[in-house]
Amino acid sequence: MSINTTSGTSNTATPSNTQPEFQQQRSLAAFDKACSRMPGGVNSPARAFGAVGGKPLFIERAKGPYLYDIDGNRLIDYIGSWGPMILGHAREEVIEAIVSAASRGTSYGAPTEGESELAELICATMPSIEKLRLVSSGTEATMSAIRLARGATGREKFVKFAGNYHGHADCLLVAAGSSAANLGVPDSPGVTEGTSRDTIIMPYNNAAALEELFAEQGSKIACIILEPVVGNMGCVPPQPGFLQAARQLCDKHGSVLIFDEVMTGFRVALGGAQSIYGVRPDLTTLGKIVGGGMPLGAYGGRADLMDHVLPAGKVFQAGTLSGNPVATAAGRKTIELLRKENPYPYLDAQTARLGEGLSQAATAAGVDHCVQRVGSMMTLFFHSGPVVSWDDASQADRKRFGKYFWGLIHRGVYMPCSQFEALFVSATHTPELIEQTIDAAKSVLAELG
Ligand code: KE4
């Protein structure tokens, strides 16, 4: 694992475009049809290409590092379903586990041994998790962890950070208010003042501001929730001492420290960001990779906290498909393969090379940029950097990013469709594909320069 911000110097761009002419007719027709029945034609706004312009590609299938869309375009995929596909798409052993589980029934609404086996695997991989509850998404995990922290402490306020995304629970769809107290205001229609006023929004990577807040309000704060490596404003690593400050403040004031590792769990390292930075959270939330691409999330941590959750305790949380046997089979197989194969050194090397190549290409083109990476999650910011908070990230050149995104699509490369997302490299991205991606980027960036 290495953390770096690079903006190196380099050789000239060598245009390469070995892809057949990019087509989009069928996707455009499919999008129009989708819009007739689904708002914005998608089931999650991140897919709608709103941040890059144009209309989304409809995918027919995927295998390894590739997506194949309904117009026959083959694309090197750097979204990986927004993180889950670390082993590459349609890994045979995972598919076999899903088919085998599904052949025995898809859901029972009763406990299975497979849930305990997955729980054991997660606890063995992330020792801060002594007990956990399986749910069906990252949002459910974070929403439930915040409720648990509030229920266990009897406190109502909690802290999140600008540029950190934790899913769409009402109390999290909150923007920093104008007031100096950083009190939250609704960030979506339908979110009420009542659910926002207990959410405190702070600047990420600002330990001094956090210390000042806790000095004033520490006894009222149920928890801090944060992305230990931010992916949702683009990749922003924690500055030295920031995570430690959050830990110390929670210890001093009796607040719960929640690491939202939905994206970083099993991604930046097998044990997630907490295994890299040596800070032990009280609760961890998981999603994405933990389900192997199936709907599965989890929240867990100190047993004394988790025992507040119904029916062991009184904090309510439930779910029809929580711990679903097909999803847990996919999650177990994925984690078993990660533990057995340890792809992390390979992923680190491939992503480092990609970052180096993108930076060299941008420098050669005279494009203001920086590259920020932790393990196999990375962002090329159209910003001179460093990007340490939302105030920095929000200054990035989104328009230029959109042109970069579409230029790469036309060259057979599918990057995250927003400047404020991280790209993900999988174990199936070969060195040849990394070089092909760099060549495509050289060609695109040369046009942008
Ligand atoms: P889900 O409810 O989407 O499974 O997880 C919410 C969530 C929680 N915490 C973190 C750190 C996350 O990154 C996410 C979801 N990530 C986004 C993309 N950055 C999911 C993509 C989407 O919304 O379609």
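Guide: Let's start with the open sheet, which in this predicted model has 7 strands. Going across, the order is β5-β13-β12-β11-β10-β6-β9, and the pairing is mixed. What stands at the two edges of the sheet? Those places belong to β5 (131–135) and β9 (199–202). Each of these edge strands has a single partner, so one side of each is left without a neighbour in the sheet. As you pass from one strand to the next, the twist averages 20 degrees.

Strand β10 covers residues 221–226 and strand β11 covers residues 256–260, and the two pair in the parallel sense over 4 bridges. To find one of the partners by eye, look for Ile224: its bridge partner in β11 is Leu257.

Thr139 places a polar side-chain atom 2.7 Å from an oxygen atom of the ligand. Gly138 takes part through its backbone, with an N or O atom 2.9 Å from a ligand oxygen. In the side chain of Lys288, an N or O atom is 3.0 Å from a nitrogen atom of the ligand. Taken alone, the ligand exposes 530 Å², and the protein buries 86% of that.

Before you go, here are some loops with backbone details to look for. Most peptide bonds are trans, and most residues other than glycine have a negative phi. Leu310 and Pro311, however, are joined by a cis peptide bond, with omega about 5 degrees. You will find Pro311 in the loop between α9 (303–306) and α10 (325–341). A cis bond also joins Gly385 and Pro386, where omega is about -5 degrees. Pro386 sits in the loop between β15 (377–381) and α12 (390–393). Finally, turn to Ala90, in the loop between β4 (74–77) and α2 (92–103). Its phi is near 55 degrees, a positive value in a residue other than glycine.

Key. Residues numbered from 1 in each chain as written. Predicted model: local features only at pLDDT ≥ 70, side-chain atom pairs only at ≥ 80, totals over all residues. Heavy atoms only, no water. Polar contact = N/O pair within 3.5 Å; in protein donor to acceptor, adjacent residues only side chain to side chain. Areas by Shrake-Rupley, 256 points an atom, 1.4 Å probe, with all protein chains shown as cover. Pairing = 2+ DSSP bridges. Axes fitted to C-alpha atoms, helices over the stretch in contact; angles between N-to-C directions.
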